[in-house]
Amino acid sequence: MEAATSHAPKAIAEVRAGDELRGIFACTRRDRLTARNGSPYLAIELRDRSGSIGARVFRDADFVAGTFDRGDLVYAAGKVERFRDELQLELREIRRVEEGEADPAAFLPTAYRDLTELDGFLEHLAREVYDADYRKLLADFLDDESFRGELRRAPCTRAGHHAYLGGLLEHTVAVATLANEACTLHPRLNSDLLLTAAILHDIGKTREFTYGAAIELSEEGRLLGHVGLGQAMIAERSEGLPQEKELQLSHCVLGHHGPDALPGRRFGSADALALYRLNALDASVKGALEHGLG
């Protein structure tokens, strides 16, 4: 096969029409289609951390389709062309890379904000909880290095708001910050409860996803969802937490997407209502900034 030029740009976001592109990418789409002349071809989408590009294989499409699949990491090489006002890669070569040849997480989008800084904000917000029982519960989570690592890595969604590695930590800090401000404006809210719930409301997302060429649902994420997973994680660490406090916290966590998940479909506390609204505020604003208002 023709060799790619040595000065080929490595990042998809850098390429222009006429450039050579080669390297390891995540394959996020692989569809067999039929051209107008009746011959098959492959429509592929390749992604690196900088962005994505469509690619096409017209030669030996059925054979090539058998060598890799959607969700694989692939080595690809070809020339970038402009087709219908969009850049497209005319592939010369594409193949699945061997396991261990590249880290799938290196091809997933990541948070723009510094995760170490966000970690510091989270710890500051946790220190604003003064109730000894809730503070102990938070410490059980935040002192767990394995949990903290998953919290730093997890996204919030696969394609919605904060759909990138580190998105969960970013969203958690945002909701907890909003909760802290809401308690200043409305001092009758239970600040210890609301802050604890804000920090823990989405922890099930640390177990909801798997990380390959794309962010996918884990089996427990598919069957239980992050709300059920999060509630189970809180229950596992709630030994010694008074029952009334555990009930109030669980009520907030279970209702953070709205009252339909609650018995009677009604909020039982202003704190649960506040968490629902604050969570929706950050998610909707972030979604609009990332994807537009449409």
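This is a predicted model: local features need pLDDT of at least 70, side-chain atom pairs count only at pLDDT 80 or more; totals for chains, interfaces and linings use all residues.
**View A. Ile 215 and the residues around it.** Strand E7, covering residues 215-217, is where you'll find Ile 215. Its relative accessible area comes out at 9%, so Ile 215 counts as buried, the cut-off being under 20%. Look past the neighbours within four places in sequence, and Ile 215 is in contact with Leu 108, Pro 155, Arg 158, Ala 163, Phe 209 and Thr 210. For a sense of scale, Ala 76 lies 139 residues from Ile 215 in sequence, and their C-alpha atoms are 21 Å apart in space.

**View B. Helix H5 against helix H6.** Here H5 (residues 167-185) meets H6 (residues 191-200): the axes come within 8 Å and cross at roughly 165 degrees. Angles over 145 degrees count as roughly antiparallel, so that is the label for H5 and H6. The crossing of the two helices is right-handed. On the H5 side, the contact is made by Thr 172, Val 175, Ala 176, Ala 179, Asn 180 and Cys 183. H6 brings Ser 191, Leu 194, Leu 195, Ala 198 and Ile 199. Sort the residues of this contact by type and you get eight nonpolar, three polar and no charged.

**View C. Lys 286 and its partner Glu 170.** Lys 286 sits in helix H9, residues 270-291. With a relative accessible area of 18%, Lys 286 is buried, because the cut-off is under 20%. Its side chain makes a polar contact with the side chain of Glu 170, at 3.1 Å. Leaving out residues up to four places away in sequence, Lys 286 touches His 161, His 162 and Tyr 164 as well as Glu 170.

Terms used:
Residues are numbered from 1 along each chain as its sequence is written. Side-chain values use heavy atoms; hydrogens and water are left out. Helices (H or I, at least four residues) and strands (E, at least two) are DSSP runs, numbered from the N terminus. Buried means under 20% relative accessible area, exposed over 50%, partly exposed in between (1.4 Å probe, protein chains only). Contact means heavy atoms within 4.5 Å. Axes are lines fitted to C-alpha atoms, for helices over the stretch in contact, and angles run from 0 to 180 degrees between N-to-C directions. Angles under 35 degrees count as roughly parallel, over 145 as roughly antiparallel, 65 to 115 as roughly perpendicular and the rest as oblique. A crossing is left-handed if the near helix is turned anticlockwise from the far one by less than a right angle, and right-handed if clockwise. Ala, Val, Leu, Ile, Met, Phe, Trp, Tyr, Cys and Pro count as nonpolar, Asp, Glu, Lys and Arg as charged, and the others, Gly among them, as polar. A polar contact is a pair of N or O atoms within 3.5 Å; within protein, one must be able to donate a hydrogen and the other to accept it, and residues adjacent in sequence count only if both atoms are side-chain atoms.
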